[in-house]
Amino acid sequence: MTDQKSIEKKLERSFNILNSIVENITDAIYLKNLDGNYLMANSSASKIFGKPMSEIIGSTYV
């Protein structure tokens, strides 16, 4: 396995762990970048915003 593939696999594993934690918290959690775009949100946030995840991720306003 090349160093690049090893790094990508570790990054994917870290994301999956983070996503699992975020999804199992009942409070709304979301992550935005410095430009205000939603990068991540859990299902509780989707319910509170009343929008599907596909409309939240990438948008600046929900």
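Predicted model: local features only at pLDDT ≥ 70, side-chain atom pairs only at ≥ 80, totals over all residues.
Is Ser59 buried or exposed? The notes below start there and then move to two other places in the model.

Residues are numbered from 1 along each chain as its sequence is written, and side-chain values use heavy atoms, leaving out hydrogens and water.

1. Ser59 counts as buried because its relative accessibility is 17% (buried means under 20% relative accessible area, exposed over 50%, partly exposed in between, with a 1.4 Å probe and protein chains only). You will find Ser59 in the segment after α3 (53-56).

2. The side chain of Ser59 also reaches the backbone oxygen of Glu55 at 3.3 Å. Not counting residues up to four places away in sequence, Ser59 touches Gly36, Asn37 and Tyr38 (contact means heavy atoms within 4.5 Å).

3. Next, have a look at Ala41, which is in strand β2 (residues 38-41) (strands are DSSP runs of E with at least two residues, helices runs of H or I with at least four, numbered from the N terminus). Ala41 counts as buried, because its relative accessibility is 7%.

4. What is Ala41 in contact with, leaving aside its neighbours within four places in sequence? The partners are Glu23, Ile29, Tyr30, Met53, Ile56 and Ile57. Arg13 and Ala41 are 28 residues apart in sequence, and their C-alpha atoms are 18 Å apart in space.

5. Finally, Ile21 belongs to helix α1 (residues 3-23). Together with Ile17 and Ile25, Ile21 forms a nonpolar patch on the surface.

Key
Patch = residues over 30% accessible without salt bridge, like charges linked within 9 Å, V, L, I, M, F, W, Y side chains within 5 Å. Areas by Shrake-Rupley, 256 points an atom, 1.4 Å probe, with all protein chains shown as cover. Salt bridge = Lys/Arg side-chain N within 4 Å of Asp/Glu carboxyl O. Polar contact = N/O pair within 3.5 Å; in protein donor to acceptor, adjacent residues only side chain to side chain.
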